[in-house]
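Here is a short walk through one protein model. Keep the sequence and the 3D view side by side as you read.

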Amino acid sequence: MKPALLALTFASLCAAQPAYQDRFLEVNGLRLHYLDWGSPTKPPFIMLHGISRVAHQFDHLAPHFAADYHVIAIDMRGHGDSAWSPEGAYVVEDYEKDLEAFIVKLDLRNVTLLGNSTGGRVVQVYAGLHPERVARIVVEDVGPERTNEIASAFTRQVENEANGWASEDELVAFLKKSNAKTPEPILRAYAHFASKPRDDGRIVWKRDPNLAKGFVPTELWRFVSQIKCPVIYILGGASRIVPPETQQKLKETLPQVQIVIMPGLGHYPDQEATADFLPIVDKFLAATNR
């Protein structure tokens, strides 16, 4: 798809759609920021972002679902406009405890969960621990395992990006280098909402540097094996995050699982090919509606 058409697709998804509201909720002693689309009378649909991302990660997706769902996107602890953990508590189970408290405080039931990257790990754990609350989960390009190679790569990223960028435009140009297939409007929204000016004027990420302490090798099969609801894993065909052997184990562990591979795409297929990603999710939601 040509860049102009990609931008048009992004604009059309957001135009004339229900606007979100910025809200805050205190859970586990931390003030979490979240974006709220739609009406509480509709079934809840919670979206969780990946490491170093923010709730605005879903600005191009949430309006699509807001007609039928009460869509909520959360800035996880240490990210965006949510509070940082004083103890540097950022393992997957810490994020899951926040999601657990969040859902209890809002008394949400029959919840649909969508998570990409680290957010996808969180929704897997939550669905395994709380099957009575979950209707279905959508997991984007992540499985139950995080290798040492993946964990150490983020630590290096935090170190390399510590000094920030001279301007938001420079940050966007930086993001383009490693996200060539993602439309610029999505990258600009990411750069805008996930960054802030430092005291010296340089642009830095809105994230706790201690996130790296929780981004460690991880194995979550004990939680995944307890998932009872329908689950779909949507994977980027060019990504190596969920290798074939893990896909096979998922099929053996979860008889109801669906695995869809989007050829040629990377770690965020929802951004790289939104127009192809949405029908996959729509079909899954329609087939699992209860």
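By class, 17 nonpolar, 12 polar and 10 charged residues make up the lining of the largest pocket. The model is a predicted one. In total, 39 residues line this pocket. Nearest its centre lie Ile 150, Gln 157, Ile 241, His 267 and Tyr 268. Several elements give two or more residues to the lining: α4 (118-129), β7 (145-146), α5 (148-160), α6 (168-178) and α10 (244-253). Of these, α5 gives the most, with five residues. The space in the pocket comes to about 1100 Å³.

Now turn to the nonpolar side chains. In soluble globular proteins, such side chains tend to be buried together. The largest nonpolar core here has 49 residues. Ile 46, Ile 74, Leu 99, Leu 113, Ile 137 and Tyr 233 touch the most other members. Helix α3 (residues 92-105) gives the most to this core, with six residues. Take Leu 113 as an example. Leaving out residues up to four places away in sequence, Leu 113 touches Phe 45, Ile 46, Leu 99, Val 123, Tyr 126, Val 134, Arg 136, Ile 137 and Val 138. Another core, of 26 residues, lies apart from the largest one. Its members include Phe 45, Met 47, Ala 73 and Leu 265.

Last, look at Glu 184 in helix α7 (residues 184-193). Is Glu 184 buried, partly exposed or exposed? Its relative accessibility is 30%, so Glu 184 counts as partly exposed. The side chains of Glu 184 and Arg 188 are joined by a polar contact of 2.8 Å. Beyond four places in sequence, Glu 184 touches Val 172 and Lys 176. Ala 173 is 11 residues from Glu 184 along the chain, and 9.4 Å separates their C-alpha atoms.

Notes:
Residues numbered from 1 in each chain as written. Predicted model: local features only at pLDDT ≥ 70, side-chain atom pairs only at ≥ 80, totals over all residues. Heavy atoms only, no water. 1 Å grid on protein atoms, 1.4 Å probe; cavity = no way out; pocket = protein on both sides within 12 Å on 5 of 7 lines; lining within 4 Å. Points joined across faces, edges and corners; volume = space filled by probe spheres on them. Helix = DSSP H or I, 4+ residues; strand = E, 2+ residues; numbered from the N terminus. Nonpolar A, V, L, I, M, F, W, Y, C, P; charged D, E, K, R; others polar. Core = buried A, V, L, I, M, F, W, Y, C linked by side-chain atoms within 4.5 Å. Buried < 20%, exposed > 50% of the residue type's maximum accessible area, 1.4 Å probe, protein only. Contact = heavy atoms within 4.5 Å. Polar contact = N/O pair within 3.5 Å; in protein donor to acceptor, adjacent residues only side chain to side chain.
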